[in-house]
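I opened the file to look up the ligand site, the charged pairs and the backbone. My notes are in the order of looking.

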Amino acid sequence: MPSKMKAGKDLLIFAGKFMYSFWDTLFHYIVPRPKKNVAGEIVLITGSGSGIGRLLALRFAHLGAILVLWDINPEGNQETCELAKKAGTSRVYTYTCNCSDREDIYRVAAQVKKEVGDVTILINNAGVVTGKQFLEIPDECVEKSFDVNSKAHIWTYKAFLPAMITNNHGHLVCISSSAGLIGVSKLSDYCASKFAAIGFAESIFSELYAQGYTGIKSTIVCPFFIKTGMFEGCTTENPLLLPILEPDYVVNKIMNAILEEQVYLFMPRFLYFVLFLKSFLPTKVALVLCEYLKIFEVMNCFTGRVKKD
Ligand SMILES: NC(=O)c1ccc[n+]([C@@H]2O[C@H](COP(=O)([O-])OP(=O)(O)OC[C@H]3O[C@@H](n4cnc5c(N)ncnc54)[C@H](O)[C@@H]3O)[C@@H](O)[C@H]2O)c1
């Protein structure tokens with residue numbers, strides 16, 4: 001076919017697909033997409049011993065999923081297991097796994113494959129925060145932030161993605177943060193690791209799309225502060241635009257995003273606007289906006305989860 005005709009044909013196909021995708025998205029903005037059935041799916045949640053991970057486990061239990069719960073804290077994880085059983089699933093498997101250790105991830109992943117089967121929904125949720133000014137952060141904390149908040153995602157994908165590819169079926173969920181979209185003072189290691197998590201999840205999403213694995217979905221979650229205790233002491237001066245989120249609200253949104261196979265979820269909605277502004281506002285103007293929103297002060301009273309003796 002002459003190259004001009006081919007270019008014209010490609011343009012027509014592109015225009016058709018573009019219009020279809022655009023109207024489909026707009027339509028489903030008004031009419032929610034049908035929710036997928038997760039009964040019988042093998043759902044692995046890292047960091048399931050408390051907070052968002054625990055609440056997600058309870059929601060999946062209620063929907064009849066088979067749960068694989070990973071946490072470094074066996075007591076917290078056992079509590080989640082008991083609550084999940086009460087919430088409706090008899091098939092809950094708990095594993096103590098240190099997600100900052102690649103060998104431990106591979107060891108426990110092999111055990112899961114043998115004892116439970118191939119994971120079909122992988123939720124990388126375990127997270128740690130240091131909450132100090134950059135020059136005060138011990139090197140080991142920087143390493144741990146990267147190990148848990150981003151590198152663990154890579155190792156778990158390596159362990160569980162091959163079976164998803166074989167079956168062209170699965171869902172990869174990355175719990176990142178608003179701190180993975182915007183650099184924040186006193187969160188340098190956390191922001192860097194959460195940016196990395198998004199970059200990784202987005203790359204795999206695009207790689208799977210390019211290879212035609214349309215049966216493997218991705219969801220990337222970026223919430224602002226949540227009242228789980230992880231960011232205890234943090235404040236917001238703009239509760240209307242940037243409220244500190246309720247865990248139940250966050251988990252409802254995450255569950256909707258997973259069940260409707262939504263790729264990006266930012267919470268609160270104002271974050272979509274902030275990201276849009278970031279793409280074109282001159283830096284001087286953006287800094288004035290950050291000052292107005294008191295973004296530089298959000299971490300000033302951070303204490304984090306206070307360890308019990
Ligand atoms: N709480 C917030 O304000 C907030 C905001 C945005 C994003 N997030 C992200 O949401 C996710 C869940 O946070 P949360 O608020 O439920 O915190 P959380 O502290 O309640 O839960 C984190 C869980 O991860 C586990 N964990 C930590 N290190 C681990 C390791 N090395 N191996 C295995 N498990 C480990 C902890 O034991 C804990 O159970 C995290 O990735 C966090 O970064 C939290």
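**Ground rules.** I am reading a predicted model, where local features need pLDDT of at least 70 and side-chain atom pairs count only at pLDDT 80 or more, while totals for chains, interfaces and linings use all residues. Residues are numbered from 1 along each chain as its sequence is written, and side-chain values use heavy atoms, with hydrogens and water left out.

I then checked N and O distances to the ligand. Ser 50 places a polar side-chain atom 2.9 Å from a ligand oxygen. Asn 98 has a polar side-chain atom 3.0 Å from a ligand nitrogen. For Ile 72 it is a backbone N or O atom, 3.3 Å from a ligand nitrogen. The ligand on its own has 820 Å² of accessible area, of which the protein covers 95% (Shrake-Rupley, 1.4 Å probe; for residues, only the protein chains shown count as cover).

**Surface.** I found a nonpolar surface patch made of Leu 11, Phe 14, Phe 18, Met 19, Phe 22, Trp 23 and Leu 26, with about 760 Å² of accessible area together. Patch members have over 30% relative accessible area and no salt bridge; like charges are joined within 9 Å, nonpolar side chains (Val, Leu, Ile, Met, Phe, Trp, Tyr) within 5 Å. Phe 18 sits in helix 1 (residues 3–30) and is partly exposed at 46% relative accessibility. Here buried means under 20%, exposed over 50%, and partly exposed in between (1.4 Å probe, protein chains only). In helix 9 (residues 283–292), the count of buried residues is zero.

**Salt bridges.** I counted 10, each a side-chain nitrogen of Lys or Arg within 4 Å of a carboxyl oxygen of Asp or Glu. Asp 10 pairs with Lys 6 at 3.0 Å; they are four residues apart in helix 1, so about one helical turn separates them. Arg 107 and Asp 104 meet at 2.7 Å. Arg 107 is partly exposed at 44%, whereas Asp 104 is buried at 15%.

Which parts of the chain does the pair of Glu 260 and Lys 35 link? Their closest N and O atoms are 3.0 Å apart. Glu 260 lies in the loop between helix 7 (247–259) and strand 7, and Lys 35 in the loop between helix 1 and strand 1 (42–46), 225 residues apart.

**Backbone.** I noted a cis peptide bond from Met 267 to Pro 268, with omega near -5 degrees. Pro 268 lies in the loop between strand 7 (264–267) and helix 8 (270–278). Asn 168 has a positive phi, near 45 degrees, in the loop between helix 5 (139–167) and strand 5 (170–175).

Methods: Helix = DSSP H or I, 4+ residues; strand = E, 2+ residues; numbered from the N terminus. Polar contact = N/O pair within 3.5 Å; in protein donor to acceptor, adjacent residues only side chain to side chain.
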